[in-house]
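Hi everyone, thanks for making time.

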Amino acid sequence: MTSHYTFGDSDLAARRLYLLAEAYSDPSQAFLKQFAPGPVERALDLGCGPGYTTRLLHDTVAAGSTTGIDSSEHYIELARSHAPTGIEFVCHDVLDKPPVPRADLIYVRFLLTHLADPGFALTLWADLLVPRGMLLLQEVALLDSEHPTLTRYYQLVEALQAQYKQSLYIGRELEGIARSAPFIVEHHGQRLFELPAHVMATLHALNLPTWKSDPVAMRNFDPKEIAEVEQGLLRIAQRAELCAPVRIGLTELVLRGMR
Ligand SMILES: C[S@@+](CC[C@H](N)C(=O)[O-])C[C@H]1O[C@@H](n2cnc3c(N)ncnc32)[C@H](O)[C@@H]1O
C-alpha cells in the first residue's frame with residue numbers, strides 16, 4: 001500500500017509544522033496527560049514530521065525511549081538534528097510495517113487524514129504494540145470559521161484530499177473505522193477549542209504555496225481563485241482585517257490492542 005502526502009517536506013513545510021506544533025501543543029498535551037498509561041517504557045510517534053510531536057509525547061508521558069517514524073528523509077534529518085537523549089528517529093513508510101521493537105504506547109496526530117485506507121493502517125499498527133498496548137489518535141473533525149476566505153480554504157483542501165481518497169475530516173469517521181480494527185475502543189471524544197484566525201491563516205498561508213502546485217490541484221482549481229485565497233489568508237495572518245477565532249474539533253480515540 002502506498003500513500004500520497006500533499007503538504008510536502010520542504011523547509012517551508014517544516015516551518016509550518018513547527019508553528020502547527022506550537023498551536024496544537026496544549027490540546028495534544030492535555031489528551032496525552034489524560035489518557036496515556038503509565039509507566040511507558042517504549043513509545044512510538046507515527047508520521048512524526050520534524051519531530052515536534054515526538055518530543056511532546058516523550059516528555060509528556062515520561063517514556064523510557066521514544067521513536068519517531070516518518071517517510072520523509074528531510075523531516076527525519078531535521079528531527080535527528082535536535083533529538084535529545086532517549087529519542088530516535090527512523091525513516092520509514094508507516095504502511096509498510098516499520099522495523100522497530102513493539103511499543104507500550106503509540107501516538108498518531110494528523111496522519112490518518114493523509115491516508116486513503118485508515119482501516120488498513122490501524123490494523124497494521126496493532127502489530128507494533130505489546131499485548132494490550134495503547135494507540136492514541138488525534139485527528140480533525142471540525143474546522144469552522146465565519147470568514148469566507150478561511151471557509152473557502154477548508155473547502156479547497158477537503159476537495160483536494162478527496163481526490164486522493166483522503167478525508168480532511170477523518171475524525172468524523174474514525175471511531176467506526178477503529179471498531180473494525182483489532183482494538184477495543186476505550187475512549188472516543190471530541191476536544192473543542194478555538195485558535196486565533198491569524199494563527200490559523202499563517203499556517204494555511206504557509207501550506208497553500210506547497211499544495212497549489214500539486215497536479216490534481218492545478219487540474220481542478222481556478223488559479224485566479226487560489227491567488228485570491230492566498231492573498232486573503234495573508235491579510236488575515238497579518239491581522240489586516242478583524243476575524244473571529246476558528247473553532248476546531250479534534251476527535252480523540254484511545255484504543256487498546258487486542259492481540
Ligand atoms: C501533517 S504532518 C503531521 C506531523 C505530526 N504528527 C504533527 O502532528 O505535527 C503528517 C506527517 O505524516 C508523514 N507521512 C505521511 N504519510 C506517511 C507514511 N505513509 N509513512 C510515514 N509518514 C508519513 C508526512 O511526511 C508528515 O510528516
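Let's start with α1 and helix α7, residues 197-211, which pack at an angle of about 160° with their axes 9 Å apart. Before I go on, two bits of housekeeping. Residues are numbered from 1 along each chain as its sequence is written. And this is a predicted model, where local features need pLDDT of at least 70, side-chain atom pairs count only at pLDDT 80 or more, and totals for chains, interfaces and linings use all residues.

Helices (H or I, at least four residues) and strands (E, at least two) are DSSP runs, numbered from the N terminus. Two packed helices are described by the angle between their axes and the distance between the axes. The axes are lines fitted to C-alpha atoms, for helices over the stretch in contact, and the angles run from 0 to 180 degrees between N-to-C directions.

Back to our pair: α1 and α7 are therefore roughly antiparallel to each other. For the wording, angles under 35 degrees are roughly parallel, over 145 roughly antiparallel, 65 to 115 roughly perpendicular, and the rest oblique. The crossing of α1 and α7 is left-handed, and by that I mean the near helix is turned anticlockwise from the far one by less than a right angle, with clockwise being right-handed.

So who meets whom here? On the α1 side we have L12, A13, R15, R16, L19, L20 and A23, and they meet V199, T202, L203, L206, N207, P209 and T210 in α7. Contact means that the C-beta atoms, placed from the backbone, lie within 7 Å. The residues of this contact of α1 with α7 divide into 9 nonpolar, 3 polar and 2 charged. Here Ala, Val, Leu, Ile, Met, Phe, Trp, Tyr, Cys and Pro count as nonpolar, Asp, Glu, Lys and Arg as charged, and the others, Gly among them, as polar.

Now over to α5, residues 148-163. With α7, α5 packs at an angle of about 40°, the axes being 11 Å apart. The two helices, α5 and α7, are therefore oblique to each other, and α5 passes α7 in a left-handed crossing. L150, Y153 and L160 in α5 meet A197, M200, A201, H204 and W211 in α7. By class, that contact of α5 with α7 has 7 nonpolar, 1 polar and no charged residues.

α5 also packs against α9, at an angle of about 130° and with the axes 9 Å apart. Again, α5 and α9 are therefore oblique to each other, and their crossing is left-handed. In α5, T149, R152, Y153 and L156 meet V229, G232, L233 and I236 in α9. This contact of α5 with α9 splits into 5 nonpolar, 2 polar and 1 charged.

Next, the ligand. Which residues come nearest? Of the 23 residues around the ligand, they are G47, G49, S71, V94 and R109; near means a C-beta atom, placed from the backbone, within 6 Å. α1 (11-35) and α2 (52-61) each supply at least two residues of that shell, and the largest share, 3 residues, comes from α1. By class, the shell has 12 nonpolar, 7 polar and 4 charged residues.

T53 is found in helix α2. T53 is buried, with 28 other C-beta atoms within 10 Å. The cut-offs are 20 or more other C-beta atoms within 10 Å for buried, 12 or fewer for exposed, and partly exposed in between, with C-beta atoms placed from the backbone. Leaving out residues up to four places away in sequence, T53 touches A21, D45, C48, Y107 and R109.

Most residues other than glycine have a negative phi, and most peptide bonds are trans. The bond from G38 to P39, though, is cis, with omega near -10°, and P39 lies in the loop between α1 and β1 (42-46). K165 is not a glycine, yet has a positive phi of about 60°. Where is K165? In the loop between α5 and α6 (174-179), and with 10 C-beta neighbours inside 10 Å, K165 counts as exposed. R239 also has a positive phi of about 60° without being a glycine. R239 sits in the loop between α9 (223-237) and β7 (246-257), and is exposed, with 12 other C-beta atoms within 10 Å.

Definitions and conventions: Two residues are in contact if their C-beta atoms, placed from the backbone, lie within 7 Å.
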